Amino acid sequence: MAKILDQPRYKCALAAMQTVQSIPGAIPILHSGPGCAAKLNDNNGTSGKFSPNIFPCTSISEKEVVFGGNAKLRSTIENALKVIDAELFVVLSGCTGEIIGDDIEEVSGNFVDAQKPVIWAKTPGFKGNNYVGHDWILRSIFEQYLNRDDVADEAESGTQKGLVNLFVAPPQQDPYWLGNLRELESLLTAIGLTPNTIFGFGRSIENLKKIPRAEFTILVSPWAGLESAQYLEKRFKIPLLQYPVLPIGATETSKFLRAVQEFTGADKELTEKVIQQKEAEFYYYIERFADTLLETRILGKRFTVVSDSQYTIAVTKFLVNDMGLFPEKLFITDDAPKSQREKIIAETNTLNYGITTEVEFTTDGHSIHEQIKAADFAGTPLILGSNWEKKLAGSIGAHYVNVSYPMLEKLVINDHIAGYSGGLHLLEQIFTAAMSKLKL
C-alpha cells in the first residue's frame, strides 16, 4: 500500500534545478512537463544573473509521450544556446521523459562542440528528492564539465596552496543557505585559508574551474553532497573533510575551526587566536543578556526539532551544549539514506554531560504532530521546525521558530544562523518568539 506524504518538507529531484540556478552563469534546461518547474521553483532565488522564472523547458505533452521527446529536447537546447547568454547549460530530466525512455545523454552529446558547454543530469522525481538531486547535479557537473579539454588545463596548472573547496547545504532548500555559506567562508578566511565556493552573488564559472586546483575540500553536511565531494577526492586526489555538523554558536564553531586547522595544516596559532577573539565576543553578548536568557518564565528547558538532518543535529547541539536546554524526541524529515542514519543519530546524541534523546526519521507530519502533542515537556515547549509546525505550536501553546523549508511567513535575504554570530541570531529568534507571549 502506498504511503501518503503528509506535510511535505522537500521536493522531487528535479527541484534541484535550484542548484544550477545558484551558480552564476549557469542555467537549467528542463526536459519535463510544463507544470513541473513552475511548481518546484517556489523559493524565487537564483545566483542573480537570471530571473528564477527563466529556464528553457520542453513542456512535454501527449505528443512526446507517444512519439518520444528527443527531437523537442534537441530543438529546445538549440534555441536556448541562441537566445540565452549563459556560460553553462545543464539539461535535467523529469519523470515523464525518463518514463518514456528519452535519452538526454545522447541528445546533449550532440552539442559537444557547441560554443557553450552543455551537460546533463538525470533527476526524475520518482528516484529521489531534491537533497539527492543536488548531489546528482554536482556529480554531473564535476564529471562532465571539469573533464572537458578546455577546462582540464586549469587542473593541470597545479594545486593552489591554501585553496579549499567549500560546500554546505543544497542551495535554496535551506532558507539560510547563502548566509551560512558566506559566514563559513569568512571563518575559513580568518584562519588563513582561501575558500572556493561556486554558489551565489560574486561567484562565477571561474570558481567552478578552480575546483580541481584546491588543496582540500570541506563538506559541511551530515550526508547531502557527499557523493559528489567523494568524486572530487577520487578523480582529482583532493583530500576530503566531511564535517557532519553545521556549526552554530561558540562550542561547535570552535570545534569546527580546530578540525579544519588540523586537517588542512592551517596556522594553529592564528586559529587559536581567532577562536579566542570570536568566543570572547560571543560570550560578551551572552553575559549582557544573561538575566533574560536564564529566565525560565520566558523560556522553558525542553525543546524538539522537526527538520532535516543538518538542522536537527546543529540546533540540538547548540541548544544543549551552549544554552543548557534538554531535547525531547527529535524528528528528521529529509528521508536521509538508511546507510547514513546510524551515524546521524550518533552525531545528534554526541552532547555534553552524556545527554541523549530519541531520534526518529519520518516524513509523516501527522504522526510527528501527534507525538509532540503527547510529549511531556514539563512546561512550555519550544518547537523549531518548518511552517508546518506553526499551527501545532499554537494549539499546544508552544514557542515556535521556523528554521527550515517550508518557510512561508518569514523572509530570509542574507541572514545566517551558522557560526558564532549565527548562534546569536538564532537566540534572537527564539527569545523574540518566547517574549512575544509574555503577559505584561
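Two strands pair if DSSP finds at least two bridges between them. I noted this before looking up the sheet. Helices (H or I, at least four residues) and strands (E, at least two) are runs assigned by DSSP, and they are numbered from the N terminus.

I was working on a predicted model, where local features need pLDDT of at least 70, side-chain atom pairs count only at pLDDT 80 or more, and totals for chains, interfaces and linings use all residues. Residues are numbered from 1 along each chain as its sequence is written, and side-chain values use heavy atoms, with hydrogens and water left out.

**Entry 1**

Next I checked β6 (residues 214-220), which runs parallel to β7 and is joined to β7 by four bridges. Which residue of β7 does Val220 stand opposite? I found Tyr243 there.

**Entry 1: salt bridges**

I used this rule: a side-chain nitrogen of Lys or Arg within 4 Å of a carboxyl oxygen of Asp or Glu. The count by this rule is 17 salt bridges. For accessibility, I took buried as under 20% relative accessible area, exposed as over 50%, and partly exposed as in between (1.4 Å probe, protein chains only).

I began with Arg139 and Glu143, whose side chains form a salt bridge at 3.0 Å, N to O. Both residues lie in helix α7 (residues 130-145), four residues apart, which is about one turn of the helix. Arg139 is partly exposed at 24%, and Glu143 is partly exposed at 32%. I also noted a network of salt bridges that links Arg139, Glu143 and Glu227.

My next pair was Lys255 and Glu252, with the closest N and O atoms 3.6 Å apart. These two are three residues apart in helix α12 (residues 249-264), so about one helical turn separates them. Is each of them buried or partly exposed? Lys255 is partly exposed at 40% relative accessibility, whereas Glu252 is buried at 3%.

I then looked at Lys317 and Glu347, a salt bridge with closest N and O atoms 3.2 Å apart. This pair links distant parts of the chain, 30 residues apart: Lys317 is in helix α15 (residues 309-322) and Glu347 in helix α16 (residues 338-348). Lys317 is buried, at 2%, and Glu347 is partly exposed, at 21%.

**Entry 2: backbone angles**

I looked up the peptide bond between Tyr405 and Pro406 and found that it is cis, with omega about 0 degrees. Pro406 sits in the loop between β13 (399-402) and α19 (419-435).

I noted a positive phi, near 50 degrees, for Ser59, a residue other than glycine. Ser59 is in the loop between α2 (36-40) and α3 (62-67), and is partly exposed at 29% relative accessibility. Asp335, also not glycine, has a positive phi near 55 degrees. I placed Asp335 in the loop between β10 (330-332) and α16, where this residue is partly exposed at 42%.
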